Structure formats: C-alpha cells, structure tokens
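User: I would like to learn how to read the features of a protein model step by step, with the general idea before the particular case. Could you take me through one?

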Amino acid sequence: MQQSAAKVMASVFWDAHGIIFIDYLEKGRTINSDYYIALLERLKDEITEKRPHLKKKKVLLHQDNAPCHKSVKTMTKIHELGFELLPHPPYSPDLYPSDYFLFSDLKRMLAGKKFSSNEEVIAETEAYFEAKDKSYY
C-alpha cells in the first residue's frame with residue numbers, strides 16, 4: 001500500500017501587477033470565518049505596503065461563494081476594511097480567473113513531480129510565481 005500525496009492549501013491574493021501575498025494553510029487547520037478575516041486584515045496591510053497608490057482608493061475584491069467568504073462576520077469585515085465586493089454568481093466558470101488563468105500553468109508545472117515535504121512544494125510554488133513577468137498578470 002502506498003501513502004497518498006499530501007496537499008498544500010494556498011490562498012493567493014493577486015492583481016494586475018502580480019502576487020500580493022500567498023498564505024499556506026498549516027496542516028490540520030481549516031479555513032473558517034475567523035481565519036479568513038485574519039487573511040483579509042493581512043491583505044489590507046500588504047496592499048498598503050506593496051501597492052501604496054491604492055491606500056486611499058477602494059479595493060475591488062473578487063472571491064468565490066465559499067461559506068467562510070459569505071458569513072455575516074466576513075461581510076462585516078470586508079465593509080470595515082473598505083473593500084468593494086464584486087458579485088460572484090454561483091457556477092460561473094468564466095469568472096474564476098484564478099482557476100483558469102493563474103493556476104492552470106502552475107498545475108501543469110507541478111504535474112508528475114514528487115516532493116518529500118510541504119516546504120518543497122511551497123518553495124517550488126514561490127519560485128514559479130517569482131519567475132513570472134509583470135506582463136503575465
């Protein structure tokens with residue numbers, strides 16, 4: 001019997017200028033409203049640091065309809081942070097830019113590779129995104 005491959009969950013925040021930040025979920029944890037709210041607070045800080053021209057502008061946020069994204073707590077935090085939430089209709093594959101644009105090449109690049117640790121997968125993912133030219137986004 002062979003042990004199945006472990007998975008690494010990544011939340012990627014990006015815009016037309018590139019990756020803002022990536023959060024890798026610790027093994028054994030799940031994303032709930034509190035965890036996601038902490039990510040949104042970090043996003044606000046990262047935008048202030050990496051995209052200072054957006055500091056006084058309304059940030060448009062596009063996310064899927066996961067329960068932790070749509071909870072009352074999360075929606076309150078999104079409003080508090082000054083983000084404008086773009087609507088995301090259910091079952092609309094043409095509105096999943098991360099799945100069909102950002103991750104498709106990454107999935108092909110990682111396909112068939114064997115990693116001995118989560119850290120190796122993370123390092124490979126980081127290197128992949130760092131190698132992308134700004135025009136890619």
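This is a predicted model: local features need pLDDT of at least 70, side-chain atom pairs count only at pLDDT 80 or more; totals for chains, interfaces and linings use all residues.

User: What pattern does the protein follow along the sequence?

Analyst: Helices (H or I, at least four residues) and strands (E, at least two) are DSSP runs, numbered from the N terminus. Here there are five helices and four strands, and along the sequence they follow the pattern β-β-α-β-α-α-β-α-α. Contact means heavy atoms within 4.5 Å; among contacts between residues at least 6 apart in sequence, 56% join residues at least 24 apart.

User: How many bridges join β1 to β2, and how enclosed is β2?

Analyst: Two strands pair if DSSP finds at least two bridges between them. Strands β1 (residues 10-15) and β2 run antiparallel and are joined by six bridges, one of which pairs F13 with F21 in β2, and a hairpin of two residues links β1 to β2. For burial, the cut-offs are under 20% relative accessible area for buried, over 50% for exposed and partly exposed in between (1.4 Å probe, protein chains only). Strand β2 (residues 18-24) is largely enclosed by the rest of the structure, because six of its seven residues are buried.

User: What covers the buried residues of α1?

Analyst: The buried residues of α1 include Y36, L40 and L43, and what covers the buried residues of this helix includes β1, β2, β3 (59-61), α2 (67-70), α3 (72-81) and β4 (83-85). At the start of α1, a side-chain oxygen of N32 lies within 3.1 Å of the backbone nitrogen of D34.

User: Which residues of the largest nonpolar core touch the most other members?

Analyst: In soluble globular proteins, nonpolar side chains tend to be buried together. A nonpolar core is a set of buried Ala, Val, Leu, Ile, Met, Phe, Trp, Tyr and Cys residues joined through side-chain atoms within 4.5 Å. The largest core has 16 residues, of which F13, L40, L43 and F83 touch the most other members. Its largest share, six residues, comes from α1. Leaving aside neighbours within four places in sequence, F13 is in contact with I19, I20, F21, Y36, L39 and L43. A second, separate core of ten residues includes V12, Y24, L102 and F103.

User: Is T74 buried or exposed, and what does its side chain reach?

Analyst: A polar contact is a pair of N or O atoms within 3.5 Å; within protein, one must be able to donate a hydrogen and the other to accept it, and residues adjacent in sequence count only if both atoms are side-chain atoms. T74, in helix α3, has 0% relative accessibility and therefore counts as buried. Its side chain reaches the backbone oxygen of C68 at 2.7 Å, and a polar contact of 2.9 Å joins the side chains of T74 and S71.

Note on methods: Residues are numbered from 1 along each chain as its sequence is written. Side-chain values use heavy atoms; hydrogens and water are left out.
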